[in-house]
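Thanks, everyone, for making the time this morning. I would like to walk you through one model, so please have a look at it before I start.

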Amino acid sequence: LKEAEWIAGTFERLHDESLAWADMAILFRKNKDFAVVVDALSRHDIPLEVANIGGLLVVPEVADIRAWLTALEHPEDSAKLIQILFGSKYNLGMADLAPLTRDEVREMVAGLVAGALDDGAVDEIFSITLGYPLYVAAFATEVSDRIEDADGDALVAAKSLSRSSDRLIRLLERRLSRLDRQERRLFDAIALAESVPIDLVRAIDDIGALSRLETSGLVRVGTGYAQVTHPLLATVANEVLTQEGRRSCARRLLDGIEEDTDPGDIASMVRMALGVGVVPSTEQLEVAARVAMAWRDFSGAARIAAHAPDDPQLIVLRARALRFVGEVPDEVPADLDESALVEFVSAKSQAMAYGERRFGDAIAMLQEAMASLTDPTHRNRLATELLVLSGLAGDMDALLGASRSVNDQADPATRLL
């Protein structure tokens with residue numbers, strides 16, 4: 001900075017001594033010094049001309065001209081339009097392109113749509129575009145083209161385009177086509193999952209790619225999560241992906257899960273992965289199933305646990321979940337250890353008795369399981385179940401047999417029985 005100011009001051013002194021501006025020049029060894037010196041000369045109102053430097057397209061004036069020429073040839077090129085709006089001529093910022101309110105959308109489309117705009121039509125346009133000006137302009141223009149076929153009814157025209165607006169979809173497709181390979185892979189993963197924790201993004205990709213997606217307006221980052229800014233963007237991205245592409249995204253997200261990842265986020269990733277045919281690890285399935293149980297989504301917990309038919313913990317968890325929805329679990333697995341067997345038989349007996357009113361079968365199964373156990377603590381646990389069910393069923397023989405089988409020495413807490 002000091003050197004740049006010295007150069008500007010020297011030029012002013014030489015000019016005061018009758019040396020013409022055209023007779024002065026600066027030769028740069030490195031282009032990185034160019035911007036600082038140009039700024040200093042501009043502050044001193046010294047006329048200048050730049051020649052023979054690399055990276056000429058990044059010079060603001062040249063970049064603006066290029067953006068204008070591109071926009072004139074391709075008016076739908078939103079990136080160049082944004083560059084022009086953010087340039088020195090208009091000097092707009094992100095706030096000026098932020099989503100509009102419903103009233104602002106009404107004002108904007110009033111000059112684009114020829115038909116009457118009732119509240120229903122405005123609401124439909126607003127809900128589809130989320131108020132983003134570029135989307136509003138693209139969608140409203142197509143509504144105007146279709147309004148004649150809808151007998152002048154803007155609402156009918158808007159509803160007919162809600163999922164098939166060619167202009168809006170083309171605009172979104174063009175925005176996605178400009179992403180490099182790394183950005184597109186990350187965007188596809190976020191679009192598939194709908195919401196991805198920032199920590200998970202860091203684990204699977206360079207955080208710089210996420211910053212670029214946010215700057216381009218494709219992804220919104222806040223409260224620890226990254227989300228696609230518009231649902232139609234996610235729809236367009238997912239429609240392009242093959243089934244294997246979706247599975248690849250799911251595997252990447254699952255691989256990014258760490259020990260300190262929030263259980264709720266793990267559950268979301270697991271459900272997403274199962275939805276595209278990818279089976280997560282047993283540990284991830286167990287976390288997701290337990291979260292589903294905590295949310296009282298017992299059917300979901302049972303479906304998740306069913307993907308690990310050989311894991312004792314998930315076999316028991318599935319049995320518990322089925323009990324709450326009134327379904328009886330499968331036959332008792334033969335390879336469960338005594339602890340898991342007790343939990344499974346307990347859940348199954350309750351489902352049989354309370355869900356299907358088969359008290360007799362439940363009592364018989366408990367008696368058979370108790371006979372196979374060697375640990376008196378486990379026998380006491382099933383004896384508790386047997387006492388309750390035989391009492392409710394009025395089976396006094398089973399009730400007395402269960403009470404005699406209790407081992408107080410093994411578990412003093414069972415003396416109350």
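This is a predicted model: local features need pLDDT of at least 70, side-chain atom pairs count only at pLDDT 80 or more; totals for chains, interfaces and linings use all residues.

Residues are numbered from 1 along each chain as its sequence is written, and side-chain values use heavy atoms, with hydrogens and water left out.

Let me begin with the interior. By a nonpolar core I mean a set of buried Ala, Val, Leu, Ile, Met, Phe, Trp, Tyr and Cys residues joined through side-chain atoms within 4.5 Å, where buried means under 20% relative accessible area, exposed means over 50%, and partly exposed is in between, with a 1.4 Å probe and protein chains only. The largest such core has 59 residues, and F187 and L253 are the ones that touch the most other members. Helix α10, residues 181–193, gives the most to this core, with seven residues; helices here are DSSP runs of H or I with at least four residues, strands are runs of E with at least two, and both are numbered from the N terminus. If we set aside residues up to four places away in sequence, L253 touches A189, A193, V196, L200, I204, M269 and M272, a contact being heavy atoms within 4.5 Å. Apart from this core lies another, of 28 residues, which includes V316, V345, I363 and A402.

Now to the surface. I65, W68, L69 and L72 form a nonpolar patch there, with about 450 Å² of accessible area together. I65 lies in helix α3, residues 60–73, and counts as exposed because its relative accessibility is 53%. For a patch, residues need over 30% relative accessible area and no salt bridge, with like charges joined within 9 Å and nonpolar side chains (Val, Leu, Ile, Met, Phe, Trp, Tyr) within 5 Å; the areas come from the Shrake-Rupley method with a 1.4 Å probe, and for residues only the protein chains shown count as cover.

How many salt bridges does a search of the whole structure find? There are 13, each defined as a side-chain nitrogen of Lys or Arg within 4 Å of a carboxyl oxygen of Asp or Glu. In one of them E5 pairs with R43, the closest N and O atoms being 2.5 Å apart. That pair links distant parts of the chain, since E5 sits in helix α1 (residues 2–16) and R43 in helix α2 (residues 34–43), 38 residues apart. E5 is partly exposed at 32% relative accessibility, whereas R43, at 53%, counts as exposed.

R320 forms a salt bridge with E343, with the closest N and O atoms 2.8 Å apart. Because R320 lies in helix α18 (residues 312–324) and E343 in helix α19 (residues 338–356), the pair ties together parts that are 23 residues apart in sequence. R320, E343 and R381 are linked in a network of salt bridges.
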